[in-house]
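Subject: Structure handover

Hello,

Here is the structure for you to look through. My notes follow below it.

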Amino acid sequence: QKGRRYEAVKWVMVFAIGVCTGLVGLFVDFFVRLFSQLKFHVVQTSVEECSEKGCLAMSLLELLGFNLTFIFLASLLVLIEPVAAGSGIPEIKCYLNGVKVPGIVRLRTLVCKALGVLFSVAGGLFVGKEGPMIHSGAIVGAGLPQFQSISFRKIQFNFPYFRSDRDKRDFVSAGAAAGVAAAFGAPIGGTLFSLEEGSSFWNQGLTWKVLFCSMAATFTLNFFRSGIQFGSWGSFQLPGLLNFGEFKCSDSDKKCHLWTAMDLGFFIMMGIVGGLLGATFNCLNKRLAKYRMRNVHPKPKLVRVLESLLVCLTTTVVVFVASMILGECRQMSSTNPSGNSTLSLQGSSSEDVNSSIKTFFCPNETYNDMATLFFNPQESAILQLFHQDGTFSPVTLSLFFLLYFLLSCWTYGSSVPSGLFVPSLLCGAAFGRLVANLLKSYIGLDHIYSGTFALIGAAAFLGGVVRMTISLTVILIESTNEITYGLPIMITLMVAKWTGDFFNKGIYDIHVTLRGVPLLEWETEVEMDKLRASDIMEPNLTYVYPHTRIQSLVSILRTTVHHAFPVVTENRGNEKEFMKGNQLISNNIRFKV
């Protein structure tokens, strides 16, 4: 009976972790949306007024005011809990490997992480809210089954279960998976992520629990978001925080296919380029992180806040200037519902794509393509690149890709909570759309579908940066709701991973190494297979007695390079035996306070 009760409580806990992770995602999403809408509404009206009166500096100042305030708040939260910086995936990876990074699954970290990522995304930095969701889920998983927190020491429940390390680790795996599931609406992808990236310890029964947890997270988030946005409670229309919409050809166009066998060649090429770009990104980011460790971290803490504000200032100015000067005016596509690549989320999202078009400084019936990418939340920009019929000019796409690549590389690792998934997807989508443009206009391949190329570009770049294979494939398939994309995504990701691994490791592994965390890899080095225990053991041991003179302690410390010595009790009676066996009889000595 005890065993059954234990199992039942475990299932209830797993469900609770899923629901809570979904609610954290809902909280972040709701406020990011609120702040972004407020900000873009104010700035857009001011830009539209000022483009007639010529007071654009004012609208830039308004935008800067919003962004700098948000980023300042995000940096302050990171000062309170430094572990909350970055995406948190490397740290969770370490935790699941069995290395405890201090403060990583504290309640305080969760609060700082959730609020910080909300402000840093709303503040217009090139960061995503998906990576921190994984960390938040893991903290929920570690904290909920304990029924107590270091932050609230007074509150004590008599809850006897789940005190062992193994149980806690299992729940953290489930929480991390629920985080992925809530972020992308991909429960199976979340489970596979936890299996591939995270845990070194996995048992059969855990898979089922983790999947259940992920499902609970996805559907909690879906239920509340659909209810809040569309007012239709219980209709489940918005699976994850990041939604790619549906890819499908119109019924009238018989020549249009999502992809053909001929495109696979292009996809492999894109995978190679994506791997190279990802390796470049990782290399630059590693250099930058080392520079930060040497020059920013030793200084007073305010320097980190100033660095985040500098990144924010640069980003805002670049975005504003690029949208004003470098954008081109493009023809609006015909907005008939049977257009080539309309989205159909209950018929509402072809308008959804068209509503996020920005017409800064452009005459009627045209739109500014650079502003459309830069002056939208990143999710809308990704939707634009996947589903917009109207063209983006190659020059705009190349400039956008370059600016985004450099700025997101600079941002990742500064002291704000920041995810890497969405910036990489957006960067890659621009690259893929650029390839499709060039193939259409210069080689004359009319049959290709730009949305597919944008998706494959996004997969290639993201795969080149994070080097995940199986889980990323499933996450992307689940986000697009299109099983036919399985083969191209898989091939692209494999090629991107192999190409990238030729040069350096994935970004999370690089950050784990920079942290100095002793992470055990799956495979040992080849040289290690020939080693024996005796190769690393010391035949002449230095040891100390319980009562030793200080002088001899000092001399021992001077003559050795290590700092841990066995304390050995003398056993005069067995001395003869003892010298024969040449072994040390040690008693565990507890120095009582």
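A polar contact is a pair of N or O atoms within 3.5 Å; within protein, one must be able to donate a hydrogen and the other to accept it, and residues adjacent in sequence count only if both atoms are side-chain atoms. Keep that rule in mind for S414.

Two notes on the source. This is a predicted model, where local features need pLDDT of at least 70, side-chain atom pairs count only at pLDDT 80 or more, and totals for chains, interfaces and linings use all residues. Residues are numbered from 1 along each chain as its sequence is written, and side-chain values use heavy atoms, with hydrogens and water left out.

**The whole chain**

The protein chain has 21 helices and 2 strands. Helices (H or I, at least four residues) and strands (E, at least two) are DSSP runs, numbered from the N terminus. Of its 593 residues, 51% count as buried. Buried means under 20% relative accessible area, exposed means over 50%, and partly exposed lies in between (1.4 Å probe, protein chains only). Now the contacts, which are heavy atoms within 4.5 Å. Take those in the protein chain with a separation of 6 or more: 79% join residues 24 or more positions apart.

**Two serines in loops**

S414 sits in the loop between α14 (394–411) and α15 (421–443). Is S414 buried or exposed? Its relative accessibility is 2%, so S414 counts as buried. A polar atom of the S414 side chain lies 2.8 Å from the backbone oxygen of T411. Set aside neighbours within four places in sequence, and S414 is in contact with A85, G86, R292 and E307.

S393 is in the loop between α13 (378–387) and α14. S393 counts as buried because its relative accessibility is 2%. Leaving out neighbours within four places in sequence, S393 is in contact with E328, R330, D369 and N437. S393 and L434 are 41 residues apart along the chain, yet 8.3 Å separates their C-alpha atoms.

Start with α2 (residues 56–80). This helix has 25 residues and reaches 37 Å from its first C-alpha to its last, close to the 36 Å expected at 1.5 Å a residue. The expected span is 1.5 Å times one less than the number of residues. Several residues of α2 are buried, among them L60, L63, L64, N67, I71, A74 and V78. An α-helix has 3.6 residues a turn, so residues three or four places apart point the same way.

Next is α5 (residues 130–143). Its 14 residues reach 20 Å from first C-alpha to last, close to the 20 Å expected. Why is α5 described as largely enclosed by the rest of the structure? Because 13 of its 14 residues are buried.

Then α6. The 20 residues of α6 should span 28 Å at 1.5 Å a residue, and its end C-alpha atoms are 29 Å apart, which agrees. α6 is mostly covered, with 17 of its 20 residues buried. Just after α6, G185 takes a positive phi of about 65 degrees.

**A cavity**

How many cavities of 30 Å³ or more does the structure hold? There are 2. On a 1 Å grid over the protein atoms alone, a cavity is a set of points where a 1.4 Å probe fits but cannot get out, and lining residues have an atom within 4 Å of a point. Grid points are joined across faces, edges and corners, and a volume is the space filled by probe spheres set on the points.

The second largest cavity has a volume of about 40 Å³. Its lining is K10, V14, D167, D170, F171, A174, L206 and K209. Two or more of these residues come from each of α1 (2–53), α6 (165–184) and α8 (204–230). α6 gives the largest share, 4 residues.

T220 lies in helix α8. T220 counts as buried, at 12% relative accessibility. Beyond neighbours within four places in sequence, T220 is in contact with V19, G22 and L23.

E197 is in helix α7 (residues 187–198). E197 counts as buried, at 10% relative accessibility. Not counting residues up to four places away in sequence, E197 touches K93, M468 and Y508.

R467 lies in the loop between α16 (450–466) and α17 (470–480). R467 has a positive phi of about 55 degrees although it is not a glycine. Most residues other than glycine have a negative phi.

Best wishes

Methods
On a 1 Å grid over the protein atoms alone, a cavity is a set of points where a 1.4 Å probe fits but cannot get out, and a pocket is an open set with protein on both sides within 12 Å along at least five of seven lines; lining residues have an atom within 4 Å of a point.
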